Amino acid sequence: MARAHAPAPMAETPATPGMFAACPRGLEGALAAELAGLGASDCRTLAGGVLFGGERAVAYRANLWSRLASRVLRQVAQRRYRDDDDLYRLALGVEWERFFDARHSLRVDLSAVRSPLRSLNYATLRVKDGIVDRLRERTGARPSIDTRAPDARVFAHLEDRQATLYLDLSGEPLFKRGWRSGRDDKGRAPLKENLAAGLLALSGWTPGTPLYDPFCGSGTIVIEAAQLAFDIAPGLQRPFALERLLDHDEPLWASLRAEAIRRAQAAAHRGTAPPRLAASDIDRHAIEQSLRNFERAGLPARAIDARVGDAAAARPPFDLPGLIVANPPYGERIEALGATGLSPGARRDAERHERAMRAFGTTLRERFAGWQVWLLSSDQGLPGQLGMKERRRTPLYNGAIECRLFGFEVFVRR
């Protein structure tokens, strides 16, 4: 697509952060630290994300390199509002023609916290009207609306008296790294990649430290660890919405991608010992899927030791102690453990789950002395089932499921 305009500055208002990175709730602090490491300035944590500032290269790096963000948005307008017509005027005043035109399809999304407006659907419509009227006035044509796979996406966020408009730079959510098959985990709710990376960040794991996931499923946690160990940018295999915008800086983007490729190649040829990463699952099909995912994720052969095995019979995969980071089975099938009124099938599932966790707890205490154990679960009774006292309990959300990341230390018996 032709680039009709020269690249515009990323921040229209230097006094305030010009971008917002969304993330799973509970990872805001870790995301702020990650963005600062990518060159972001003035990072401010909010519920569900981080406001930050920086040049265009920072926004591009955040998309390419962030392991924790779900989406990166560029702020394009902000003002106080009283009614839906104020939202229309706000949208009408933005130079959308610098970013997209009638050749692009468009989607508008709106979120609100304590907004006084009666209908958020109507508010969304007024923002959309302001955008298309502006483009019709300035270019003579309006973009078509596509709610499934738009070329350009605008987010409006309403607080009690302030409205902010953002332009999406990511497109597909950033946890979609590009390596997962559409057939993965059919019928299940797999751990999203950025939440898996968040578990590693919150656990304090660093490359070189032994890591083991005894409930690996399709391998998401160990893949995130391996990509970090081999310095592979998580966004290297996928496209982004920013590439379709009229003000896209193609030379800058090409240079950042080339740098990411060089870093991955350098790490692969460094000649150092492979990372100590291991994974197992009782389901043979899950291990087969994991092996395919390792290859699609661009990992060197034998980067991860993966095998079929029951967590209740697990043994340390390495001579030195390290970290177990895992997402044991839980969810709708085992929801409301301990609640009354469970169906017979749900009750059997709950009892089976508790027996499995008790057996796993025994294995940890008897065989994994010196290890740290970090488990994500929606079951707040998990520590009691394991027979262990957690030293840390961090609230997180796996999609809509409220969870806790439980941190345990397995002490050496004296």
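How many helices and strands are there in the chain? The chain has 10 helices and 15 strands; helices (H or I, at least four residues) and strands (E, at least two) are DSSP runs, numbered from the N terminus. This is a predicted model, in which local features need pLDDT of at least 70 and side-chain atom pairs count only at pLDDT 80 or more, while totals for chains, interfaces and linings use all residues. Residues are numbered from 1 along each chain as its sequence is written, and side-chain values use heavy atoms, with hydrogens and water left out.

**Whole chain**
- Of the 414 residues, 51% count as buried, where buried means under 20% relative accessible area (1.4 Å probe, protein chains only).
- Among contacts (heavy atoms within 4.5 Å) with a separation of 6 or more, 79% are between residues 24 or more positions apart.

**Nonpolar cores**
- A nonpolar core is a set of buried Ala, Val, Leu, Ile, Met, Phe, Trp, Tyr and Cys residues joined through side-chain atoms within 4.5 Å.
- The largest one has 92 residues, and Trp-96, Phe-100, Ile-131 and Leu-165 have the most contacts inside it.
- Apart from it lies another core, of 21 residues, which includes Ala-278, Met-357, Leu-375 and Phe-406.
- In soluble globular proteins, nonpolar side chains tend to be buried together.
- Not counting residues up to four places away in sequence, Leu-165 touches residues including Trp-96, Val-127 and Phe-155.

**The open sheet**
- An open sheet of 7 strands has the order E11-E10-E9-E12-E13-E15-E14, with mixed pairing; two strands pair if DSSP finds at least two bridges between them.
- Strand E11 (305-308) and strand E14 (392-398) are the edge strands, each pairing on one side only.
- Strands E12 (residues 323-326) and E13 (residues 372-377) run parallel and are joined by 4 bridges; Ile-324 has Val-373 in E13 as its bridge partner.
- Helix H5 (residues 193-203) packs on the sheet, and its direction makes about 170 degrees with that of E14; axes are lines fitted to C-alpha atoms, for helices over the stretch in contact, and angles run from 0 to 180 degrees between N-to-C directions.
- Helix H6 (residues 220-229) lies across E9, E10 and E12, running at about 170 degrees to E10.

**Asp-109**
- Asp-109 is in strand E5 (residues 105-112).
- Asp-109 counts as buried because its relative accessible area is 16%.
- The side chains of Asp-109 and Arg-153 are joined by a polar contact of 2.8 Å; a polar contact is a pair of N or O atoms within 3.5 Å, and within protein one must be able to donate a hydrogen and the other to accept it, with residues adjacent in sequence counting only if both atoms are side-chain atoms.

Methods. Buried means under 20% relative accessible area, exposed over 50%, partly exposed in between (1.4 Å probe, protein chains only).
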